[in-house]
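Work through the exercises below with the sequence and the model in view. Try each task before reading its solution.

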Amino acid sequence: MTSKITDKYIAITQGDSFTLPITFKGLDITGAQVRMQVRTKDDKSSLLIDECVTEHLKPKEGKTYIRLKPTQTNIPVGIYETDIELTMPNGDRKTFYPPKVGVVAEFRVTKQITKE
């Protein structure tokens with residue numbers, strides 16, 4: 001699997017699986033929701049990927065992951081916008097990716113060569 005994540009972008013080959021391990025240090029995320037969305041830059045209403053995680057790996061230790069399936073990443077090659085939010089059971093919400101306020105992260109889909 002070829003993928004990369006930085007503070008400014010996530011890059012993945014079109015149609016590949018993608019697993020992003022996440023740890024919230026010192027935070028119990030029992031009952032929390034982690035949501036990742038990917039949208040086109042021109043049309044903010046266009047939702048290409050919407051992945052929501054409610055069952056966590058080790059919630060009391062703040063450990064979870066987002067897993068995208070090949071059907072979710074099999075979108076046209078291009079550069080999109082993304083962010084990832086944590087919503088706690090009491091309704092508190094925080095965007096934690098990208099890690100800087102005022103920055104919009106990119107979701108880059110690169111061309112695949114091997115196809116079914």
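**Exercise 1.** Locate P89 in the chain and decide whether P89 is buried or exposed.

*Solution.* P89 sits in the loop that joins β7 to β8, and β8 covers residues 93-97. The model is a predicted one.
Step 1: apply the cut-off. A residue counts as exposed when its relative accessible area is over 50%. The value for P89 is 57%, so P89 is exposed.

**Exercise 2.** Find which residues P89 is in contact with, leaving aside its neighbours within four places in sequence.

*Solution.* Step 1: list the contacts. They are T30, G31 and A32.
Step 1: P89 and T30 are separated by 59 residues in sequence, while their C-alpha atoms are 8.0 Å apart.

**Exercise 3.** Decide whether T82 is buried or exposed, and describe its surroundings.

*Solution.* T82 belongs to strand β7, which runs over residues 78-87.
Step 1: apply the cut-off. Buried means a relative accessible area under 20%. T82 has 5%, and therefore counts as buried.
Step 2: list what T82 touches beyond four places in sequence. The residues are I10, M36, Q37, V38, Y97, P98, A105, E106 and F107.
Step 3: look at Q37 in detail. Its backbone oxygen lies 2.8 Å from the side chain of T82.

**Exercise 4.** State how many helices and strands the chain has, in what order they come, and why the chain can be called as compact as a globular protein of its length.

*Solution.* Step 1: count the elements. The chain has 1 helix and 9 strands.
Step 1: read them along the sequence. The pattern is β-β-β-β-β-β-α-β-β-β.
Step 2: compare the radius of gyration with the rule. The chain has 14 Å, close to the 13 Å that the globule rule gives for 116 residues, so the chain is as compact as a globular protein of that length.
Step 3: The C-alpha trace spans about 40 × 30 × 20 Å along its principal axes.

**Exercise 5.** Find what share of the residues is buried, and what share of the contacts with a separation of 6 or more joins residues 24 or more positions apart.

*Solution.* Step 1: take the buried share. Of the 116 residues, 35% are buried.
Step 1: take the contacts. Among those with a separation of 6 or more, 64% are between residues 24 or more positions apart.

Note on methods
Residues are numbered from 1 along each chain as its sequence is written. This is a predicted model: local features need pLDDT of at least 70, side-chain atom pairs count only at pLDDT 80 or more; totals for chains, interfaces and linings use all residues. Side-chain values use heavy atoms; hydrogens and water are left out. Helices (H or I, at least four residues) and strands (E, at least two) are DSSP runs, numbered from the N terminus. The radius of gyration is taken over C-alpha atoms; the globule rule is 2.2 Å times the number of residues to the power 0.38. Buried means under 20% relative accessible area, exposed over 50%, partly exposed in between (1.4 Å probe, protein chains only). Contact means heavy atoms within 4.5 Å. A polar contact is a pair of N or O atoms within 3.5 Å; within protein, one must be able to donate a hydrogen and the other to accept it, and residues adjacent in sequence count only if both atoms are side-chain atoms.
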